[in-house]
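Open the model in your viewer and keep the selection tool at hand. The tour below moves from stop to stop.

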Amino acid sequence: MKTSQRNIGIDALRLFSIAMVVLGHSGSFEGSSLLSMWRMPLFFILSGFFFVPYGRSLRFEFSRRWETLVIPYLAWSLIISLIVIIVKWSEPTEMLHHLFTGWRGGTGRSIFWMSAWFLLSLAISAVILRYLERFPRWMAWAVGAGGILASRLFVYFDRADILDGHLFAEVPLRLGISLPIIFYLLVGQEIRRRVMPAIEQVSVARACSIGAVLIVAPLVLAQHFSIPAHYMHAGLFGWPMITPIIAITVTIGFIMIFATGVNRALQVSDLAGRLIGRLVRTGSTVVMFHGLVLLFVHSLGLHSSSLEDLLVRFGITLTTAFAVGLLINMSPAARVLSGVPRERPLRVTIAA
């Protein structure tokens with residue numbers, strides 16, 4: 001099956017990836033460790049999928065990441081700081097603690113900055129990867145794989161009381177996590193280069209069937225053998241090789257389904273394609289804002305561990321975050337808060 005130049009299904013998968021980030025923060029549920037097995041690798045692999053190798057200079061890459069990731073991070077951090085001051089004004093010690101740990105990042109960060117590390121870690125890893133392009137390709141793989149190996153060693157050293165904490169996670173702003181993330185960016189590049197051409201030659205039915213097997217089979221094995229999941233924010237990448245391979249396999253499965261079956265379904269509607277394109281551009285806002293929505297929802301009393309409350313929290317948070325993102329992107333604040341150009345209101349044409 002041949003896909004169009006712009007695969008709407010892959011864009012839909014990016015939205016699905018962001019939604020799974022929000023779901024993972026909405027609470028724990030039975031089998032949530034299986035979600036953690038792949039949700040963050042999927043997020044970063046898709047980032048690598050759209051990272052064009054050798055397509056930009058280092059200066060351009062730095063400028064681009066500054067505008068699209070770092071500026072939104074700083075702008076939202078200022079907004080979050082204002083909210084913390086308002087909410088915690090009567091508790092000055094706790095207020096200062098949240099402000100300090102929020103801006104510092106790393107282990108023990110303020111809950112108000114729930115997912116802020118995504119943006120900075122992605123920005124740093126992208127710039128480092130662009131710099132590494134001046135060396136042989138194996139150098140970038142060595143840095144990425146070495147980052148995962150070093151992260152695993154830090155876990156062993158911490159548990160053996162040789163180190164006090166995980167060095168990568170302890171670095172302010174979690175910048176140390178950027179090194180292992182390079183590995184997943186490289187995987188995303190290779191999937192686009194080597195796997196996507198093969199997927200485009202397969203029928204939709206076969207691609208979806210194979211994709212479903214690639215998703216279900218590894219997760220069944222992970223559940224059966226109690227394989228530890230990814231918790232990247234803490235520098236935990238599971239078992240060496242095994243956990244990353246499971247995440248990569250599941251990601252390829254999702255790509256096969258979304259790039260074929262989902263893409264075909266969405267190609268029918270021009271409105272769906274335009275709406276998905278706009279929602280994708282709310283990514284930075286959703287990442288930074290959804291934690292605030294979750295905290296507000298919790299304050300309303302929807303904080304039980306029941307599956308019903310979890311789904312309500314997830315639904316409210318996801319809908320609100322995307323809606324706010326769309327509104328911001330149609331406002332003068334689009335470049336500052338979302339890192340994208342301002343958009344015109346979406347027009348819907350109704351046939352006579």
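Predicted model: local features only at pLDDT ≥ 70, side-chain atom pairs only at ≥ 80, totals over all residues.

**Stop 1: helix α5**

Of its 16 residues, 13 are buried, so α5 is largely enclosed by the rest of the structure. The helix runs over residues 117-132. From first C-alpha to last it reaches 22 Å, close to the 22 Å expected at 1.5 Å a residue. Keep α5 coloured, for it returns in the linings of the largest pocket and the second largest pocket.

**Stop 2: the nonpolar core**

Next, select W38, F44 and I255. These are the residues with the most contacts inside the largest nonpolar core. That core has 95 residues.

Now centre on W38. Which residues is W38 in contact with, leaving aside its neighbours within four places in sequence? Show F16, M20, L219, A247, V250 and F254 to see them.

**Stop 3: the largest pocket**

Turn to the largest pocket, with a volume of about 1100 Å³. Its lining takes in 35 residues. Select R14, R64, R65, T68 and V280, which lie nearest the centre of the pocket. Then colour by element: α1 (8-26), α2 (32-49), α3 (58-87), α5, α11 (270-280) and α12 (283-299) each give two or more residues to this lining. Which element supplies the largest share? That is α3, with 7 residues. By class, the lining of the largest pocket has 15 nonpolar, 9 polar and 11 charged residues.

**Stop 4: the second largest pocket**

Move on to the second largest pocket, of about 470 Å³. Select G24, H25, R39, Y231 and H233: of its 23 lining residues, these lie nearest the centre. Here α1, α2, α5 and α12 are the elements that give two or more residues. The most comes from α2, with 6 residues. Colour the lining of the second largest pocket by class and you get 10 nonpolar, 11 polar and 2 charged residues.

**Stop 5: the cavity**

How many cavities of 30 Å³ or more does the structure hold? There is 1. About 70 Å³ of space lies in the largest cavity. To outline it, select Y73, G102, G105, G106, R109, W113, A116, W117, L173 and R174. This lining divides into 5 nonpolar, 3 polar and 2 charged residues.

**Stop 6: two loops with positive phi**

Go to the loop between α6 (137-159) and α7 (167-170), and pick D161. Its phi is near 60°, a positive value in a residue other than glycine. Is D161 buried or exposed? Its relative accessible area is 70%, and over 50% counts as exposed.

Jump to M241, in the loop between α9 (204-224) and α10 (242-267). M241 is not a glycine either, yet has a positive phi of about 70°. At 62% relative accessibility, M241 counts as exposed.

**Stop 7: P345**

Finish in the segment after α14 (334-337), where P345 lies. With a relative accessible area of 58%, P345 is exposed. Show R278 and M330 beside it: leaving aside neighbours within four places in sequence, P345 is in contact with these residues. Now draw a C-alpha to C-alpha distance from P345 to L326. The two are 19 residues apart in sequence and 9.2 Å apart in space.

Technical notes: Residues numbered from 1 in each chain as written. Heavy atoms only, no water. 1 Å grid on protein atoms, 1.4 Å probe; cavity = no way out; pocket = protein on both sides within 12 Å on 5 of 7 lines; lining within 4 Å. Points joined across faces, edges and corners; volume = space filled by probe spheres on them. Nonpolar A, V, L, I, M, F, W, Y, C, P; charged D, E, K, R; others polar. Helix = DSSP H or I, 4+ residues; strand = E, 2+ residues; numbered from the N terminus. Expected span 1.5 Å × (residues − 1). Buried < 20%, exposed > 50% of the residue type's maximum accessible area, 1.4 Å probe, protein only. Core = buried A, V, L, I, M, F, W, Y, C linked by side-chain atoms within 4.5 Å. Contact = heavy atoms within 4.5 Å.
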